[in-house]
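Please look over the sequence and the structure shown below before reading on.

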Amino acid sequence: MTQTVNLQMRLVARPTGVPRPPDFALVREPVRRPGEGEILVRNHYLSVDPAQRGWANEEGNYSAPVPLDTPMRALAVGEVVESRSPGIGEGDFLYGWFGWQSHCTTTPDAILRRVTPSTLPLSANLSLLGINGLTAYLAFNGLGNG
């Protein structure tokens with residue numbers, strides 16, 4: 001059996017202005033099997049959000065900078081392929097902080113919520129049903145009525 005490869009898009013330099021390809025590196029490495037209390041998620045969809053530009057800076061804003069030579073911080077929707085964490089099973093779909101990578105070995109604190117596949121595409125969990133959708137809802141229904 002061959003080992004699964006994790007494809008990661010790592011931040012390798014602090015962007016000046018608009019991020020450019022040299023600020024990132026595509027890295028291939030073996031997937032790390034989950035330890036006790038961890039899960040392995042295969043990402044299906046990754047987010048690309050305006051907030052990521054600030055996270056790539058050296059100085060923190062409302063969130064700490066992404067450390068260099070690590071996968072770009074991002075929300076993702078993925079499927080659990082292996083679990084060593086109670087209450088999370090293989091085949092579960094999750095929405096959480098899994099980064100720009102094909103696979104993520106992490107702990108349950110990276111999960112924002114479970115995803116129930118429905119008539120909506122899984123990608124809707126990163127837009128309409130995700131943080132961007134919540135931001136738009138609050139803007140229209142909170143600030144918009146002021």
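Predicted model: local features only at pLDDT ≥ 70, side-chain atom pairs only at ≥ 80, totals over all residues.

How many salt bridges does a search of the whole structure find? The search finds eight salt bridges.

**Overall build**

- The protein chain contains two helices and eight strands.
- Read from the N terminus, the order of its elements is β-β-β-α-β-β-β-β-β-α.
- The C-alpha trace of the protein chain extends over about 55 × 40 × 25 Å along its principal axes.
- Of the 146 residues in the protein chain, 36% are buried.

- Arg10 and Glu29 are joined through their side chains by a salt bridge, with an N to O distance of 2.8 Å.
- This pair connects distant parts of the chain, since Arg10 belongs to strand E1 and Glu29 to strand E2, 19 residues apart.
- Arg10 is buried because its relative accessible area is 12%, and the limit for a buried residue is under 20%.
- Glu29, by contrast, is partly exposed, with a relative accessible area of 29%.
- Asp69 joins Arg10 and Glu29 in a network of salt bridges.
- Asp69 is situated in the loop between helix H1 (51–55) and strand E4 (70–71).
- The relative accessibility of Asp69 is 45%, so this residue counts as partly exposed.
- The backbone of Asp69 has a phi near 65°, which is a positive value in a residue other than glycine.

**The salt bridge between Glu82 and Arg33**

- A salt bridge is formed by Glu82 and Arg33, whose closest N and O atoms are 2.7 Å apart.
- Glu82 is part of strand E5 (residues 75–83) and Arg33 is part of the loop between E2 and strand E3 (39–46), so the pair ties together parts that lie 49 residues apart in sequence.
- Glu82 is buried, as its relative accessible area is 16%.
- Arg33 counts as exposed because its relative accessibility is 57%, and the limit for an exposed residue is over 50%.

**The salt bridge between Glu79 and Arg42**

- The side chains of Glu79 and Arg42 form a salt bridge with an N to O distance of 3.6 Å.
- Here too the pair links distant parts of the chain: Glu79 is in strand E5 and Arg42 is in strand E3, 37 residues apart.
- Arg42 has a relative accessible area of 34% and is therefore partly exposed.

**A nonpolar patch on the surface**

- Val5, Leu7 and Leu26 make up a nonpolar patch on the surface, and together they have about 240 Å² of accessible area.
- Val5 is located in strand E1 (residues 5–11).
- With a relative accessibility of 42%, Val5 counts as partly exposed.

**The second largest pocket**

- The volume of the second largest pocket is about 150 Å³.
- Its lining includes Val66, Pro67, Thr70, Pro71, Met72, Arg73 and Ala74.
- Also among the lining residues of the second largest pocket are Trp97, Phe98, Gly99, Gln101 and Cys104.
- Sorted by class, the lining of the second largest pocket comprises eight nonpolar, three polar and one charged residues.

**Positions related to the pocket lining**

- Trp55 is placed in helix H1.
- Trp55 counts as buried because its relative accessibility is 5%.
- Trp55 and Arg73 are separated by 18 residues in sequence, and their C-alpha atoms are 7.8 Å apart in space.
- Arg73 is itself one of the residues that line the second largest pocket.
- Gly17 is in the loop between E1 and strand E2 (24–30).
- Gly17 has a relative accessibility of 46% and so counts as partly exposed.
- Gly17 and Pro71 are 54 residues apart along the chain, and their C-alpha atoms are separated by 20 Å.
- Pro71, like Arg73, is among the residues lining the second largest pocket.

Notes: Residues numbered from 1 in each chain as written. Heavy atoms only, no water. Patch = residues over 30% accessible without salt bridge, like charges linked within 9 Å, V, L, I, M, F, W, Y side chains within 5 Å. Areas by Shrake-Rupley, 256 points an atom, 1.4 Å probe, with all protein chains shown as cover. Salt bridge = Lys/Arg side-chain N within 4 Å of Asp/Glu carboxyl O. Helix = DSSP H or I, 4+ residues; strand = E, 2+ residues; numbered from the N terminus. Buried < 20%, exposed > 50% of the residue type's maximum accessible area, 1.4 Å probe, protein only. 1 Å grid on protein atoms, 1.4 Å probe; cavity = no way out; pocket = protein on both sides within 12 Å on 5 of 7 lines; lining within 4 Å. Points joined across faces, edges and corners; volume = space filled by probe spheres on them. Nonpolar A, V, L, I, M, F, W, Y, C, P; charged D, E, K, R; others polar.
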